[in-house]
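Please look over the fold below before reading on. The notes that follow take it piece by piece.

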Amino acid sequence: MSKIVFVEDDPEVGALIAAYLGKHDMDVIVEPRGDKAEALIAQENPELVLLDIMLPGKDGMTLCRDLRQQWSGPIVLLTSLDSDMNHILALEMGANDYILKTTPPAVLLARLRLHLRQRPAAAAEPASPTIIQHKTLRFGTLTIDPVNRQVLLAGEEVALSTADFELLWELATHAGQIRDRDALLKNLRGVTYDGLDRSVDVAISRLRKKLHDSASEPYRIKTVRNKGYLFAPHAWEN
């Protein structure tokens with residue numbers, strides 16, 4: 001049975017979804033407050049976290065961002081807010097999926113099962129142990145320390161989430177090589193690119209911003225049209 005923490009302040013919605021998922025081998029723990037969810041998740045160590053956006057104490061977007069700094073499991077936002085901007089923001093905050101509450105329960109169940117299936121595959125070949133086997137990488141003013149998971153650019157530390165660091169590591173360890181979206185998704189999330197998933201593009205954009213790359217004409221993490229992304233090893237001299 002898979003354990004899920006569902007952060008939802010509407011008791012009726014929480015009870016209905018918990019009951020439905022419970023009939024399909026999912027143990028759902030409902031927490032109504034966003035500001036108490038992190039402690040509960042740390043205590044319960046669930047396989048998946050399901051978040052509403054409008055929550056008391058701490059909203060779901062902020063909670064997603066804060067969780068992603070310290071927890072690598074799947075995070076799914078379940079919300080009534082049907083907005084492209086919210087969808088994009090959720091992916092930027094580190095969410096794995098964005099599902100509307102109007103979605104049929106069977107479809108919700110199928111998508112949650114998809115994320116739960118992906119998690120064991122990722123756990124079988126975790127990024128962290130693989131990273132720790134390698135030495136610190138240096139490209140001009142950029143230093144990537146895999147043991148302490150620290151990135152320095154021109155002597156200043158760059159604050160990266162776990163997902164950001166793993167994406168940077170995947171690109172940097174293949175410096176000078178084109179990494180297509182399919183390869184990045186398989187290595188980072190254990191899924192195949194379906195031609196529609198924009199999470200890699202959003203993550204690349206976020207990483208470029210943190211590493212002071214140009215948004216309009218990126219030269220450090222380059223876009224190779226119709227192929228993917230390339231980490232330029234000689235673009236970090238100044």
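## Helix α1

This is a predicted model. Helix α1 has twelve residues, 11-22, so at 1.5 Å a residue it should span 16 Å. Its end C-alpha atoms are 16 Å apart, which agrees. The buried residues of α1 are Gly14, Ile17, Ala18 and Leu21. These four cover an arc of only 100 degrees around the axis, so they sit on the same side of α1.

Glu12 and Leu16 are exposed, on the face of α1 turned away from its buried side. Glutamate 12 also features at the start of the helix. There, its backbone nitrogen has a side-chain oxygen of aspartate 10 within 2.9 Å.

## Helix α2

Helix α2 covers residues 34-44, and its buried members are Gly34, Ala37, Leu40 and Ile41. They span an arc of only 100 degrees around the axis, which places them on the same side of α2.

The face of α2 turned away from the buried side carries Ala39, Ala42 and Gln43, which are exposed. Asparagine 45 follows α2, and its phi is positive, near 50 degrees.

## The chain as a whole

The chain has 238 residues, and 43% of them are buried. Its secondary structure comprises nine helices and twelve strands. Consider the contacts with a separation of 6 or more: residues 24 or more positions apart account for 55% of them.

## Helices α7 and α9

How do α7 (residues 162-172) and α9 (residues 199-210) pack? Their axes are 10 Å apart, at an angle of about 90 degrees. An angle of 65 to 115 degrees counts as roughly perpendicular, so α7 is roughly perpendicular to α9. On the α7 side, the contact is made by Asp164, Leu167, Leu168 and Leu171. On the α9 side, Ala203, Ile204, Arg206, Leu207 and Lys210 take part.

Helix α7 also holds glutamate 166. Is this residue buried or exposed? Glutamate 166 has a relative accessible area of 15%. The cut-off for buried is under 20%, so glutamate 166 is buried. Its side chain makes a polar contact with the side chain of arginine 149, at 3.4 Å.

## Serine 161

Serine 161 lies in the loop between β9 and α7. Its relative accessible area is 7%, so serine 161 counts as buried. A polar atom of its side chain lies 3.1 Å from the backbone nitrogen of aspartate 164. Aspartate 164 is also one of the α7 residues in the contact with α9.

Which residues does serine 161 touch, not counting those up to four places away in sequence? They are Arg68, Gln69 and Lys210. Lys210 is itself among the α9 residues that contact α7.

## Positive phi in two loops

Alanine 154 is found in the loop between β8 (150-153) and β9 (156-158). Its phi is near 55 degrees, a positive value in a residue other than glycine. Alanine 154 has 58% relative accessibility, so it counts as exposed.

Histidine 212 lies in the loop between α9 and β11 (221-224). Histidine 212 is not a glycine, yet its phi is positive, at about 55 degrees. With 57% relative accessibility, histidine 212 counts as exposed.

## Proline 233

Where is proline 233 placed? Proline 233 is in the segment after β12 (228-231). Its relative accessibility is 22%, so it counts as partly exposed. Buried would need a value under 20%.

Leucine 142 is 91 residues from proline 233 along the chain, and their C-alpha atoms are separated by 9.6 Å. Leaving aside neighbours within four places in sequence, proline 233 is in contact with Phe139, Ala175 and Gly176.

Key. Residues numbered from 1 in each chain as written. Predicted model: local features only at pLDDT ≥ 70, side-chain atom pairs only at ≥ 80, totals over all residues. Heavy atoms only, no water. Expected span 1.5 Å × (residues − 1). Buried < 20%, exposed > 50% of the residue type's maximum accessible area, 1.4 Å probe, protein only. Arc of directions from axis to C-beta. Polar contact = N/O pair within 3.5 Å; in protein donor to acceptor, adjacent residues only side chain to side chain. Axes fitted to C-alpha atoms, helices over the stretch in contact; angles between N-to-C directions. Parallel < 35°, antiparallel > 145°, perpendicular 65-115°, else oblique. Contact = heavy atoms within 4.5 Å.
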